[in-house]
Amino acid sequence: MSERETWATRAGFILAAVGSAVGLGNIWQFPFKTAQFGGASFLILYLIAALGIGLPAILAEFVIGRKTNLNTISAFEKLGYKEWRVVGALGLFTGFWILSYYSVVGGWVLRYIGGSLTGAYFAAPAEYFGQVSAGVEALGLHAVFMVLVVGIVAAGIEDGIEKATKLMVPSIIVILGILAVFAFTLPGASEGYAYFLSPDFNALAENFGDIVPFAVGQAFFSLSLGMGAMITYASYIDGDQSLFGDGITIVFLNSFVGILAGLVVLPLLFAQGIDPNTSGAGAVFISVAGAFGDIPGGQIIGLVFFAVVLIAALSSAISLLEVVVSWAIDNYDVSRPQMAVGLGSFIFLLGVPSALDSAWLGWFDTLAYKLLLPLSVLGILVFAAWVYGAPAVDELLKGSGLGEGVGLTWLWIARTLVIVAVVATLALGLETLFVGSDPAIVPPPLPV
C-alpha cells in the first residue's frame with residue numbers, strides 16, 4: 001500500500017477545496033438557475049442554504065476526513081462504525097456518477113474554446129450546440145477532458161492537485177472579475193443587475209416548493225457536498241488547523257464566484273436582448289455564446305470566458321476522481337497513476353450515454369440533484385451529528401481557538417435544522433422522481 005500524501009500548505013488545502021467547490025456548478029448552472037427561479041429570490045435562498053446548511057455539512061465532512069486520514073469509505077471503519085461504510089460508499093458512488101456526465105460538459109467547453117477562435121457558433125448558436133453536444137465528437141472530447149483530469153490526479157496531491165489548484169482558483173477569480181468589469185460597460189447591463197439582485201418575493205412565494213430543492217441542491221452541488229470530495233481532501237490535512245475557519249473561507253469564496261459569474265452572464269444576456277430564463281444543459285452554450293457574436297471583440301471575450309469555464313471544470317473534476325483514487329490506493333497495492341488511469345477509464349465509459357444523447361445527461365443530472373446528493377449529505381449529517389456526536393465536536397474545535405459553545409451550536413444546528421432541511425429537500429426531490437404520469441426516475445431510451 002502506498003504511503004499516504006498530505007497537503008504541503010494550509011493554503012493548498014483551502015484552494016484545492018475551493019477548486020472542488022468552484023466548478024461548472026457556479027458558471028454553467030448557477031446563473032441560469034438563478035434566472036429560471038426568479039433572479040434574486042433564488043439567490044437569497046441559495047445563500048441561506050450555503051451558510052445554514054452547506055457550512056454545517058462541510059464541517060461534518062471535514063471532521064470525518066481529518067480525524068481518520070482515510071478515504072470516504074474506510075474512514076467510518078477506523079472510527080469504529082463499520083456498518084456506516086455504506087454512507088461513504090454512497091458518497092463515492094455519487095462523485096463517480098456526477099463526474100461521468102460532468103466530463104461530457106467539460107468536453108463541450110473544449111469545443112467552444114476552439115469555436116470562439118473561429119467564431120463558428122456566432123451565427124447560429126442553438127444549431128451549433130445541437131451539432132457538438134452529442135455524438136462521436138462529444139464522445140471524443142469527453143475522452144480528452146478525462147485524460148486531462150487523470151493526468152493531474154496521477155501526479156499526486158502536492159505535485160498534481162495542489163499545484164494545479166493554486167494556479168486555477170486565483171485565475172478563475174481574476175478572469176471572472178475582468179469579464180464582470182467588461183460586462184458593466186455594455187449598454188443595458190443595468191437591467192441584468194436589477195434582475196439578478198432585486199428579489200421577487202411574490203415569485204418566491206408562488207414557487208417556493210419548486211425553488212427550495214434547487215437552491216439546496218445547488219448548494220450541495222457547488223460546495224461538492226455528498227460526493228466524498230471534502231472527506232477525502234480533509235483526510236490529507238497534516239495538523240490541527242481551524243476547520244471552522246477553513247469552512248467559512250470555502251463557502252464564502254464559492255458563493256462569491258457564483259455571484260461573480262452571475263454578474264458576468266446576466267448583464268451579457270440583457271445587453272443583447274436575450275431571454276435569461278433559459279434552462280437545460282445547453283443554456284450557457286446557447287444564450288451566452290450567442291451574446292458573444294454581437295459584441296465588439298466577441299471572439300476574444302468568448303475565448304476568455306470558456307477558458308475560465310474550463311479551468312473551473314477541471315478544478316472540480318480532479319476532486320471527484322481523487323475520491324475514488326484515494327479509496328483505491330488506501331486499500332490496494334497499486335500505484336496512483338495506474339489507479340487514476342483505470343478508474344478514469346471506468347468513469348469515461350459510464351459517461352458514454354451522456355455523450356451520445358443529451359437526454360441521458362439530463363437524467364444523470366436530475367438523479368444527482370434530487371436523490372444522490374441529498375441522500376448522501378443526510379447520511380453524513382446523521383452520522384456526524386447523532387452517531388459520532390461529542391468526538392466530532394472535539395475534532396472540529398482542534399486548532400480553532402473557539403470555545404465549546406461554538407462546537408455545541410454547530411452540533412445542534414446540524415442535528416435539527418440542517419437535517420430537517422435536507423429531509424425536506426429529499427422529499428420534494430423524490431416526489432418529482434417517483435410521482436406523476438411521467439416520473440423523472442425513468443431513464444430515456446438508449447442512444448443509438
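Me: Helices (H or I, at least four residues) and strands (E, at least two) are DSSP runs, numbered from the N terminus. Which elements each supply at least two residues of the lining of the second largest cavity?

Reply: This is a predicted model, where local features need pLDDT of at least 70, side-chain atom pairs count only at pLDDT 80 or more, and totals for chains, interfaces and linings use all residues. Residues are numbered from 1 along each chain as its sequence is written, and side-chain values use heavy atoms, with hydrogens and water left out. The lining of the second largest cavity is made of Pro 213, Phe 214, Tyr 369, Lys 370, Thr 425 and Gly 429. At least two residues each come from α11, α18 (358–388) and α20 (404–434).

Me: How many cavities of 30 Å³ or more does a search of the whole structure find?

Reply: A cavity is a set of points on a 1 Å grid over the protein atoms alone where a 1.4 Å probe fits but cannot get out, while a pocket is an open set with protein on both sides within 12 Å along at least five of seven lines; lining residues have an atom within 4 Å of a point. Points are joined across faces, edges and corners, and a volume is the space filled by probe spheres set on them. With those rules, the number of cavities found is three.

Me: Which residues lining the largest cavity are the closest to its centre?

Reply: The largest cavity holds about 80 Å³ of space. Its lining has 15 residues, and those closest to the centre are Ser 20, Tyr 102, Phe 221, Ser 224 and Ser 316.

Me: Which elements give two or more residues to that lining of the largest cavity?

Reply: By class, this lining has seven nonpolar, eight polar and no charged residues. Here Ala, Val, Leu, Ile, Met, Phe, Trp, Tyr, Cys and Pro count as nonpolar, Asp, Glu, Lys and Arg as charged, and the others, Gly among them, as polar. The elements giving two or more residues are α1 (10–21), α2 (24–36), α5 (85–118), α11 (208–222) and α15 (298–331).

Me: Now the second largest pocket: where does the largest share of its lining come from?

Reply: This pocket contains about 160 Å³ of space, and its lining has nine nonpolar, two polar and no charged residues. At least two lining residues are supplied by each of α3 (40–68), α11 and α20. The largest share, five residues, comes from α3.

Me: Is Leu 314 buried or exposed?

Reply: Leu 314 lies in helix α15 and touches Phe 145, Leu 148, Val 149 and Met 168, leaving aside residues up to four places away in sequence. Touching, or contact, means heavy atoms within 4.5 Å. Buried means under 20% relative accessible area, exposed over 50%, and partly exposed in between (1.4 Å probe, protein chains only). Leu 314 has a relative accessible area of 10%, so Leu 314 is buried.

Me: And what is the relative accessible area of Val 406?

Reply: Val 406 has its place in helix α20. Val 406 counts as partly exposed because its relative accessible area is 31%.
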